[in-house]
Amino acid sequence: MQTESKVLVNSPVGKYLFFTFLFNLSIQSLSAEVRLPAILGSNMVIQREQEFRLWGWADKGEKVSVTFNSTERSIRADRNGKWMLTLPAMKAGGPYEIIIQGTNRITLKNILFGDVWICSGQSNMGWPLSLLPDSLTECDKANFPEIRIFQVPCTVQYAPAEDLPDGNWNECNPETIRQFSAAGYYFGRELHKELNIPIGLVNSSCGGTNIEMWTSGKALYTLDEFANIAGDLESFDPENATALKKREIEALLDRHTGTAPGLVGDSAYWADPELSMTGWGHVALPRQWKGTDLRSIEGVLWFRYNFDLPEEVANRGITLELGPIDDSDMTWVNGHLVGQTTMNQYTNRIYHVPSDLLREDQNVIAIRISNTGRGRGFYSLPRYFRIVSGDFEIPLADTWRYRISPDGLQVKFPDIIGPDRNPSLLFNGMIHPLHNLSIKGFIWYQGEANTIRPTGYGDLFPMLITDWRQHWGKADLPYLFVQLPNYMHPRKQPGESHWAELREAQAMALDLPATGMAVAIDIGEAENLHPPNKLEVGKRLALAAMKIAYGKELVYSGPLFRKMEISGKHAILTFDHVGSGLAAKDWYGYLKGFTIAGADGTFRWARAFIKDNQVYVYNDLIKDPVAVRYGWADNPDDANLYNKEGLPAVPFRTVRASEAVWSGDFDIIEIESPLDNHIQKAYFYNTKSAEPKPLIVSLHTWSGDYTQKDPLSELCQTKDLNYIHPDFRGPNHTLEACCSDLVINDIDEAISYAISNANVDTTQIFVIGVSGGGYATLCMFMKSKHPIRKFSAWAAISDLPAWYDQSRIRNNGYADDILNCTDSENGKLNTEKAKERSPFYWEFPADKLSGTELNIFAGIYDGIQGSVPITHSINFYNKLLAELHVTDLSKFVSDAEKLELLEYRRPVHSDGKIADRDLCLVKEYGGIKLIIFTGNHEMLPEYALDLLLNQ
């Protein structure tokens with residue numbers, strides 16, 4: 001029988017995570033001896049030219065003496081057994097010894113004084129030198145005894161920890177550097193060479209983690225979105241939670257583990273197209289395993305999927321595009337092996353299947369994944385998980401069958417609170433234990449995990465920087481960070497991009513003092529989330545450090561957009577950090593990567609040229625430009641504006657999100673509710689036109705409030721439309737919120753305010769929202785007192801009892817919100833109260849359809865990739881038609897069509913596009929329309945606004 005490979009010991013940081021819990025162990029109970037924290041040890045670098053602290057634990061009242069460089073200090077441990085003392089500042093140099101004496105004696109040897117930097121973030125910071133293409137050469141050259149490195153274990157804690165579970169300082173040499181951060185090493189090496197002083201590097205990073213995990217509870221819980229989680233963690237019982245999870249996983253193994261392996265020698269029994277599916281489970285792919293019970297499985301898992309082919313496609317062959325898979329895979333079609341990749345979770349699986357292996361009717365894909373370490377599953381984005389053949393395409397983002405093989409099976413019950421589960425856990429376990437350490441500054445490389453929801457990053461990132469500085473007691477402690485590189489396939493047409501939005505949010509942190517940013521927009525790779533050019537990352541961070549931390553006069557940044565002026569058809573852009581001049585990195589000197597928009601808000605590719613160290617941008621079709629973007633895409637692979645020092649320009653849009661949304665001509669207004677005198681705030685824009693203009697009423701999401709960033713605001717200002725973004729009781733976790741009668745009245749009062757205070761065409765009032773805003777839109781469709789021309793609900797919640805169950809299963813926090821806003825007690829949903837807040841259960845007044853329209857949009861992958869299954873939209877649409885007594889059954893979404901959409905996640909009875917997305921299903925009756933498209937939990941803002949305005 002074939003055996004599986006063993007778990008690798010030398011595994012990449014961020015892939016095989018080390019989790020540990022201290023669970024409030026009393027330091028006094030550990031030992032009567034003097035003890036130091038893990039971060040203090042032999043071979044360490046201590047921050048030069050600053051008084052430095054030594055601290056630790058001993059018996060209560062025990063005298064602790066420290067001898068260093070002819071200085072002696074002593075102190076007694078306090079009643080909790082803690083002690084700390086301060087020693088005088090030292091210039092760079094060494095080595096020294098430090099002796100700590102209590103009932104025992106500790107000698108710290110080979111101590112250097114220099115500069116200490118904390119390196120933090122997710123996997124691109126943690127990515128070790130040994131995994132780079134030229135790692136053998138680079139490791140062999142890494143003989144720098146005055147560079148010292150410390151690796152913090154990836155550790156989660158439910159409360160701020162006082163110490164790390166372990167760790168040692170090491171001199172930098174070819175052996176010790178192998179598993180250390182490549183970006184951190186290259187950064188430290190540059191500083192060491194430039195400054196000729198010892199450098200200490202503390203790598204405290206953890207792969208796949210978002211920024212919330214790295215922010216302290218004290219800071220984060222000031223935000224309503226995270227306030228309730230603090231109490232959850234305080235009352236958390238890890239032993240009970242682990243036991244419950246263990247029982248769940250054992251039940252899963254009982255149901256879905258085969259009695260014999262699916263592959264023996266060359267015989268792939270589980271790839272047989274005629275195989276019975278008895279005992280096989282269901283799982284939505286593509287996805288990573290975190291957040292599912294499959295995260296516990298090490299060994300072999302099999303996945304199967306059936307698909308049909310037209311005769312002409314079967315006759316010419318197909319290509320499977322499966323994306324990266326962790327770790328090794330073997331892939332069969334109709335029982336024939338078509339491809340395999342061994343121990344490489346970052347290689348795209350692209351397997352060609354010739355016609356002689358295909359059938360005209362049903363075909364079967366079988367994938368055998370061999371996983372070592374904590375499995376991550378399928379990395380692919382849904383749109384790149386597919387079958388292609390010329391112009392023909394079948395999405396594979398769908399429900400697959402899976403089976404667990406007994407060969408090589410290991411079960412590692414996951415920690416219940418992991419870095420992907422709750423905020424603050426990584427701060428508690430990996431940052432807080434370091435806060436007594438004197439340091440020079442921080443370097444940070446993170447953001448990939450937040451691209452799914454980039455809008456909040458502009459608030460969270462400055463909060464994190466300020467939070468960490470407060471813990472170290474220095475408001476200007478240098479903080480240097482890497483802007484996200486280019487990633488994924490380039491797009492042919494201008495459009496929106498979550499990666500671009502997150503890069504913009506990162507750049508906004510430069511408004512804080514003593515911050516610097518290394519732009520990486522030119523050193524990423526389309527198919528590699530971990531681009532290997534960490535050398536340039538380290539160099540650019542070091543350039544920023546030389547200026548920000550060391551005050552050197554040099555060019556440390558690429559061009560940074562400052563302002564735009566309009567002259568005829570040209571938008572003229574001025575930049576900071578031009579160095580000795582702007583330059584186009586192109587053989588012929590052409591600038592690329594720019595788009596430009598006129599008054600209609602539609603961005604088109606632009607021509608651009610450099611003149612007098614400014615950039616002139618234009619498109620001959622746009623006579624009066626209003627906005628410019630540069631590098632605004634996931635992968636702007638043609639962006640080529642640099643300064644002559646060779647540093648790339650920072651991607652930008654001429655009006656930043658924070659400025660575009662709530663500055664300039666937007667006013668904060670207050671509206672008093674006649675029901676309870678509550679003061680509702682809103683952002684409001686009044687048209688400059690002398691002619692009445694439409695009013696856009698844009699509703700915030702479930703966890704948002706009136707300050708939430710809204711892409712429609714910028715578009716409405718560009719088009720000079722009346723606009724209001726009301727608060728309606730803020731996030732939906734209070735009894736007053738969640739589409740109560742008070743909320744319906746608040747939104748109606750906001751509309752009344754706009755009508756009274758702006759030049760509104762009252763025949764053109766539009767209400768629009770996404771997610772929780774889509775939910776509020778459906779509620780206003782049912783109950784608003786105003787004559788609304790169109791309602792547009794995207795990814796809308798319609799049924800709170802159903803969403804409660806869905807959220808509870810996903811453990812995403814929304815279930816608790818629903819309990820809070822429905823007056824539920826003891827963790828049991830008050831179903832009747834939930835129905836009172838759910839438009840699905842309301843009686844539909846048929847006269848509402850007189851002069852109004854309702855468009856309901858849902859992304860087909862929502863529920864897999866997002867939080868609101870498409871059934872909310874489908875069921876609400878069917879409910880309206882039933883209450884209108886529609887007898888033509890073809891107008892309804894049938895059970896068969898529902899099953900097709902939910903089972904296969906592919907188009908049904910529809911073709912065409914909205915924006916650049918394929919349509920999957922379109923149904924309509926009268927003024928009610930349902931549109932299912934190839935998307936996730938999202939709104940397509942430019943398309944949505946155009947649809948409202950086009951009659």
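**Helix H16 and beyond**

Reply: H16 is mostly covered, with 11 of its 12 residues buried. This is a predicted model. The buried residues of H16 are Gly-772, Gly-773 and Gly-774, then Tyr-775, Ala-776, Thr-777 and Leu-778, and finally Cys-779, Met-780, Phe-781 and Met-782. From its first C-alpha to its last, the 12-residue helix H16 reaches 16 Å, close to the 16 Å expected at 1.5 Å a residue.

The loop between helix H16 (772-783) and strand S42 (790-794) holds Arg-789. The side chain of Arg-789 meets that of Glu-853 in a salt bridge, at 3.2 Å from N to O. This pair links distant parts of the chain, 64 residues apart, since Glu-853 sits in strand S43 (residues 853-859). Glu-853 has a relative accessibility of 25%, so it counts as partly exposed.

That contact is one of a set: the count comes to 31 salt bridges. Another joins the side chains of Arg-562 and Asp-576, at 2.8 Å from N to O. Because Arg-562 lies in strand S27 (residues 560-567) and Asp-576 in strand S28 (residues 570-576), this pair ties together parts that are 14 residues apart in sequence. Arg-562 is partly exposed at 46% relative accessibility, and Asp-576 is partly exposed at 28%.

A further salt bridge is formed by the side chains of Asp-918 and Lys-913, at 2.6 Å from N to O. Here the two residues fall into separate classes of accessibility. Asp-918 is partly exposed, with a relative accessible area of 33%. Lys-913 has 52% relative accessibility and therefore counts as exposed, as the cut-off for exposed is over 50%. Elsewhere, Arg-48, Glu-49 and Asp-115 are linked in a network of salt bridges.

The last topic is the cavities. The count comes to six cavities of 30 Å³ or more. Strand S1 (45-47) and strand S2 (52-57) each supply at least two residues of its lining. The residues that line the second largest cavity are Leu-40, Met-44, Val-45, Ile-46, Gln-47, Phe-52, Arg-53, Trp-55, Asn-436, Leu-437 and Ser-438. By type, this lining divides into seven nonpolar residues, three polar and one charged.

Conventions
Residues numbered from 1 in each chain as written. Predicted model: local features only at pLDDT ≥ 70, side-chain atom pairs only at ≥ 80, totals over all residues. Heavy atoms only, no water. Salt bridge = Lys/Arg side-chain N within 4 Å of Asp/Glu carboxyl O. Helix = DSSP H or I, 4+ residues; strand = E, 2+ residues; numbered from the N terminus. Buried < 20%, exposed > 50% of the residue type's maximum accessible area, 1.4 Å probe, protein only. Expected span 1.5 Å × (residues − 1). 1 Å grid on protein atoms, 1.4 Å probe; cavity = no way out; pocket = protein on both sides within 12 Å on 5 of 7 lines; lining within 4 Å. Points joined across faces, edges and corners; volume = space filled by probe spheres on them. Nonpolar A, V, L, I, M, F, W, Y, C, P; charged D, E, K, R; others polar.
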